[in-house]
Amino acid sequence: MMPVIERSRSASLVPDRLLLEQFRLTIDGFNVRSQSLNDLGRLCDELEIEVVQMPLRRLHGVALEDDGYKYLYINSRLSGPEKVIAGFHEYCHLTSHSLEMSILKSTGGLWNLQKYERQAQIIGTVALMPDPALSGLSIEEVMQEFGVSRQIAEFRAGLAR
Amino acid sequence: MKQLQVLVENVYETAATELPDLSHVKEALGVTSAFLASKPTHLDAAVRAGRPRAQLNAFLASDGYGERASERESKKQELDIEDVRNDARNRTKQKREPGP
């Protein structure tokens with residue numbers, strides 16, 4: 001089995017490291033231990049974000065602000081690990097991104113929206129799969145250990161460590 | 001556009017480490033200021049409808065796939081967003097006007 005690729009330091013990874021450091025400083029145990037939905041709930045309580053699980057057709061999660069109230073929706077049909085990734089993904093949007101940006105989505109391919117998505121996916125996958133838990137694991141072992149798809153395991157393996 | 005770029009880059013102070021000038025990318029995508037000005041946004045619609053900006057619910061939705069959705073899948077996404085927005089509106093209304 002192929003071991004998880006450890007990428008070398010490069011300028012392109014600097015923003016990823018800054019992002020992870022920001023969340024490590026604000027979330028207890030972030031990128032040290034695997035976060036849970038209970039952890040997410042506590043974080044959201046502190047920021048008065050209401051977490052709602054409801055069945056959705058395709059979307060994994062939605063971060064939404066309505067008249068000053070913040071909501072974090074998670075698709076209740078997802079598996080446990082997928083809910084954690086989706087939950088922390090949306091938490092990243094709510095705490096670090098301007099939701100007003102979404103009104104520009106219709107213009108298509110706007111570069112900063114893609115950047116938001118990548119950043120949120122980094123936070124989601126690292127929340128579930130912290131660095132220490134990945135040490136020496138192959139992609140297949142990551143998939144088995146955390147119950148995630150190959151796509152998610154490969155994305156996580158490709159991040160700076 | 002320039003303001004938005006600066007705003008996003010300031011979040012993680014990435015201006016010095018990432019592409020400093022994306023004008024060629026924006027041009028290639030057709031995302032010029034003239035193009036953006038020609039596209040009415042939800043915000044424009046809200047303003048036209050006389051709704052204050054604060055009541056426009058903003059959102060970011062994630063499908064977890066990170067790939068372009070088919071027309072059918074896009075329709076599902078639109079329905080999901082509509083369901084979520086309705087649910088959020090009801091929750092906000094209950095918070096604003098709590099029952100007896």
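Hi everyone, let's begin with chain A, which has seven helices and three strands. Helices here are DSSP runs of H or I with at least four residues, strands are runs of E with at least two, and both are numbered from the N terminus. Starting at that end, the order of elements in chain A is α-α-β-β-β-α-α-α-α-α.

A quick word on the model. It is predicted, so local features need pLDDT of at least 70 and side-chain atom pairs count only at pLDDT 80 or more, while totals for chains, interfaces and linings use all residues. Residues are numbered from 1 along each chain as its sequence is written, and chains are lettered from A and ligands numbered from 1 in the order in which they are written.

Chain A has 161 residues, and 37% of them are buried. Buried means that 20 or more other C-beta atoms, placed from the backbone, lie within 10 Å of the residue's own; exposed means 12 or fewer, and partly exposed is in between. Now contacts: two residues are in contact if their C-beta atoms, placed from the backbone, lie within 7 Å. Of the contacts in chain A with a separation of 6 or more, 58% join residues 24 or more positions apart.

Let's zoom in on helix 2 of chain A, residues 37–46. Which of its residues are buried? They are Leu40(A), Leu43(A) and Cys44(A). These residues span an arc of only 95 degrees around the axis, so they sit on the same side of helix 2 of chain A. That arc is taken from the directions from the helix axis to the C-beta atoms. Here is a handy rule: an α-helix has 3.6 residues a turn, so residues three or four places apart point the same way. On the face turned away from the buried side, helix 2 of chain A carries the exposed residues Asn38(A), Arg42(A), Asp45(A) and Glu46(A).

What do the buried residues of helix 2 of chain A pack against? Their partners are strand 1 (49–54), strand 3 (69–75) and helix 3 (80–96) of chain A. Let's follow helix 3. The axes of helix 2 and helix 3 of chain A come within 9 Å and cross at roughly 20 degrees. Axes are lines fitted to C-alpha atoms, for helices over the stretch in contact, and angles run from 0 to 180 degrees between N-to-C directions. Helix 2 and helix 3 of chain A are therefore roughly parallel to each other, the word for angles under 35 degrees.

Who meets whom? From helix 2 of chain A come Leu37(A), Leu40(A), Leu43(A) and Cys44(A), and from helix 3 of chain A come Lys83(A), Val84(A), Gly87(A), Phe88(A) and Tyr91(A). By class, this contact of helix 2 with helix 3 of chain A has seven nonpolar, one polar and one charged residues. Ala, Val, Leu, Ile, Met, Phe, Trp, Tyr, Cys and Pro count as nonpolar, Asp, Glu, Lys and Arg as charged, and the others, Gly among them, as polar.

Now the two ends of helix 2. Ser36(A) lies in the loop between helix 1 (14–26) and helix 2 of chain A. Ser36(A) counts as partly exposed because it has 15 C-beta neighbours inside 10 Å. Just after helix 2 of chain A, Glu48(A) takes a positive phi of about 55 degrees.

One last pair: helix 6 (residues 139–146) and helix 7 (residues 150–157) of chain A pack at about 115 degrees, with axes 9 Å apart. The residues in contact between helix 6 and helix 7 of chain A are five nonpolar, no polar and three charged.

Terms used: Parallel < 35°, antiparallel > 145°, perpendicular 65-115°, else oblique.
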